[in-house]
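Please open the structure in a viewer and keep the selection panel at hand.

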Amino acid sequence: MPAPPSPLALCPAPSAEPVPALPLYQQIAQTLAQLIHSGAFKVGQRLPSVRATALAQGVSISTAMQAYRQLEEQGLVQARPKAGYFVRRAQRIAQPGLSAPPQRSFLLERQSRSEAFAMLHQPGDRATFGGFTPQSSELFDEDRLRVAIGRASRVHRHSLTEYNKADAGRPALRRAVAQRALQLGCALDASDIVITASCTQAVSLCLRAVTQPGDVVALESPTFFGYLDLIESLGLRVLEIPTHPATGLSLPALELALDTQPVKAVLAAPTLSNPLGSVMPLAAKQRLVRLLAQRRVPLIEDVVFNDLLSGDERRKAAKSWDTEGNVMVCGSFAKTLTPGIRLGWVEAGRWRDAVATHKRLQGAATNVVLEEALADLLTQGSYEAHLRRLTASMRQRRHEARHLIAHHFPPGTRVSNPPSGDTLWLELHPAIASMDLFKRCASEGITFGPGELFTATDRYRHCLRLNFSGPWNAVTMQALARIGEIARQMLERPAASPTPPVLRRA
């Protein structure tokens, strides 16, 4: 009986279908990493020799050696003198627990978190993990985008010298959004959809439609810093609700808040929340909609990340269970199709007219050419295939990042494990202040998102968010490992006194 082929022999050589953005050694390293993650290579098993790998993949020995060195840096293998490379035992790394924010609402008093984020990285930085929009062109099809914009510019060239008279947005884009919403389980009427300049603007319009200054808005904790900026700018009070990094918003805690606090709206991302990446189970989403409908409290649902669960039933939006127009669903395609076209959309249920009026009064008309180009891109039939490629790339980055964190960060570090997306939420030892860690890393050209930017309180000072939407290569992997090494040094040699909180308004 012939011996089974080795796992490495079953892998396509890089030349079979090259990935232009990655050097050959990184392609080989990714292939081997996938085999290790899948269990094809067991812990303690010897990998094929460097020479055998070079022959199998049709590359030089030096290229194969680079691939093994990258795997070693990621903590996946270890070199044994005169014996070769062996799969090392993966370090189990726990997830953070349920958050515990204060049980009262706050008026926000910090300066803009969006501005703070813009200052987190500077040109020439060695590596940036603090982004909140995709920054790597290799994740998107720039050629297809240029063709669509060029075609829209030719067909609708007269629109460049006119105001956009379609206040709610171009019919073509509204129909395209309604078609895409079917993938979220939502049967939306295109005439009820309002196109906005971004998903953030869509959320802002919804808040304006259902609240007045001084009202209380409930939201996840930790939460997207952009939400906090919006709430502060509108003079609203924020009530943070405990949130689990796996299953999302705590419904018992939310129900208690609704019974004891004058909550006027709930703002949430039930699918792949930012920064935790949590996903509420379908039954919990349905219960959330029913709970709020019974109290006539509107749900403002952000679905900007839902498409990153392409092919997963958890992609379904809470809006799909809305039968009373109580859910205001907001989205965009900036995180999945093209970050350069930040157009958003909203279907605001029974507040549709109020949202459209607020948009018109703000003079927030959108660009005809960009709307038509986006409609073209969404109806070409290749979007789902693009999503599969995008999510596969993100999955690989998350796996590699989690292994680096397990190998280089201090013992006891907890890390979220989202099913998709490009962010991880880390909970460090309480003695490590993430803002102090940030300052030390920034001096070496490495940045990330300190945890205290994702809350209205002083919590999460020992947490941080890492975003992997920028370039992902050996340099950024080494930078991620360096963050962990500096955190270890801080734990071993703590500062004489803690750094005072920053980002406070004077």
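**A side-chain pair, then a set of strands**

Begin by selecting Asp376 and Arg151, whose side chains are joined by a polar contact of 2.6 Å (a pair of N or O atoms within 3.5 Å; within protein, one must be able to donate a hydrogen and the other to accept it, and residues adjacent in sequence count only if both atoms are side-chain atoms). This is a predicted model, in which local features need pLDDT of at least 70 and side-chain atom pairs count only at pLDDT 80 or more, while totals for chains, interfaces and linings use all residues. Residues are numbered from 1 along each chain as its sequence is written, and side-chain values use heavy atoms, leaving out hydrogens and water.

Asp376 lies in helix H12 (residues 368-378); helices (H or I, at least four residues) and strands (E, at least two) are DSSP runs, numbered from the N terminus. Leaving aside residues up to four places away in sequence, Asp376 touches Ala148 and Arg151 (heavy atoms within 4.5 Å).

Next, select strand E14 (residues 423-427). Four of its five residues are buried, so E14 is largely enclosed by the rest of the structure (buried: under 20% relative accessible area, 1.4 Å probe, protein chains only).

Glu427 of E14 is the bridge partner of Arg414, and the bridge partner of Glu427 in E16 is Cys463.

Finally, select helix H14 (residues 434-442), where the buried residues include Leu437, Phe438 and Cys441. Among the elements covering the buried residues of H14 are strand E15 (446-450), E16 and helix H15 (474-492).

Note on methods:
Buried < 20%, exposed > 50% of the residue type's maximum accessible area, 1.4 Å probe, protein only. Pairing = 2+ DSSP bridges.
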